Amino acid sequence: MSEQVHGDPWPRLLSAAREVMRRAYAPYSRFRVGAAALVDDGRLVVGCNVENAAYGVTLCAECGLVSALHAGGGGRLTDFVCVNGTGEVVMPCGRCRQLLFEHGGADLRLLTASGVRSMAQVMPDAFGPDDLDAG
Ligand code: THU
C-alpha cells in the first residue's frame with residue numbers, strides 16, 4: 001500500500017536507518033545497528049541498538065523502533081529495514097523478528113540482502129497474538 005501511495009519506500013528507509021545507526025550505543029560489540037520502518041499512517045519510525053555493561057540487557061535497534069512506534073501513537077509497521085555499521089542491510093535477529101511480527105504481522109515487508117521479503121517468508125508459521133485466542 002505504502003509503495004503505491006508514496007513510491008519506492010526503500011531509499012528513504014535506508015537513509016533513515018543509516019542516519020540513526022550513527023547514534024547507536026555499542027561500546028561492547030562495536031556492532032552498530034540502525035533500523036527504520038514505515039507505519040500504516042505514513043509515519044517513519046527509527047531505532048538504534050543500545051548496549052549495557054550487563055551484556056544481556058542490550059536493546060536491539062528494533063526494540064527502540066517498536067518503542068518509538070507506540071510512543072508516537074501506535075499503528076502497524078508496513079515496511080522495515082535495518083543496517084549494520086557500514087550501512088549494509090542485515091537481517092533482524094530471531095527475537096526481533098518476533099517483535100516485528102507482533103507489530104506488522106505476516107504482511108510486513110522487509111528489505112533483505114536477497115530482496116524484499118514478507119514477514120511470512122522470513123518467519124514462517126510464526127507464533128503470534130492469534131495463537132493466544134486459540135488456546
Ligand atoms: N542487534 C540489533 O540491534 N538488532 C538485531 O537484529 C541483531 C543484533 C545488536 C545487538 C548488539 O548490540 C549488536 O547488534 C551485536 O549483536
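Modeller: Ala, Val, Leu, Ile, Met, Phe, Trp, Tyr, Cys and Pro count as nonpolar, Asp, Glu, Lys and Arg as charged, and the others, Gly among them, as polar. The structure is a predicted model, in which local features need pLDDT of at least 70 and side-chain atom pairs pLDDT 80 or more, while totals for chains, interfaces and linings use all residues. Residues are numbered from 1 along each chain as its sequence is written, and side-chain values use heavy atoms, without hydrogens and water.

Biologist: How does the shell around the ligand divide by residue class?

Modeller: The shell has six nonpolar, three polar and two charged residues.

Biologist: Which residues surround the ligand?

Modeller: Ser29, Phe31, Val33, Asn49, Glu51, Thr58, Cys60, Ala61, Glu62, Pro92 and Cys93 do. Each is counted because one of its heavy atoms lies within 4 Å of the ligand.

Biologist: How much of the ligand's accessible area does the protein cover?

Modeller: The protein covers 78% of the 380 Å² that the ligand has on its own, by the Shrake-Rupley method with a 1.4 Å probe.

Biologist: Why is Gly34 called buried?

Modeller: Buried means under 20% relative accessible area, exposed over 50%, and partly exposed in between (1.4 Å probe, protein chains only). Gly34 has 0%, so it is buried. It is found in strand 1 (residues 34-39), strands being DSSP E runs of at least two residues and helices H or I runs of at least four, numbered from the N terminus.

Biologist: Which residues are in contact with Gly34, leaving aside neighbours within four places in sequence?

Modeller: Ala17, Val20, Met21, Gly47, Ala61, Val81, Cys82 and Val83 are, contact meaning heavy atoms within 4.5 Å.

Biologist: What makes Tyr28 and Tyr55 an aromatic pair, and why is it called tilted?

Modeller: Rings of Phe, Tyr and Trp (its six-membered ring) pair if their centres lie within 6.5 Å; planes under 30 degrees apart are stacked, over 60 edge-to-face, the rest tilted. Tyr28 and Tyr55 are 5.5 Å centre to centre with 45° between the planes, so they form a tilted pair. The two residues are 27 apart, Tyr28 in the loop between helix 2 (10-21) and strand 1, Tyr55 in the loop between strand 2 (44-48) and helix 3 (61-71).

Biologist: Which residues of helix 3 are buried?

Modeller: Ala61, Glu62, Cys63, Leu65, Val66 and Leu69 are. They pack against strand 1, strand 2, strand 3 and helix 4.
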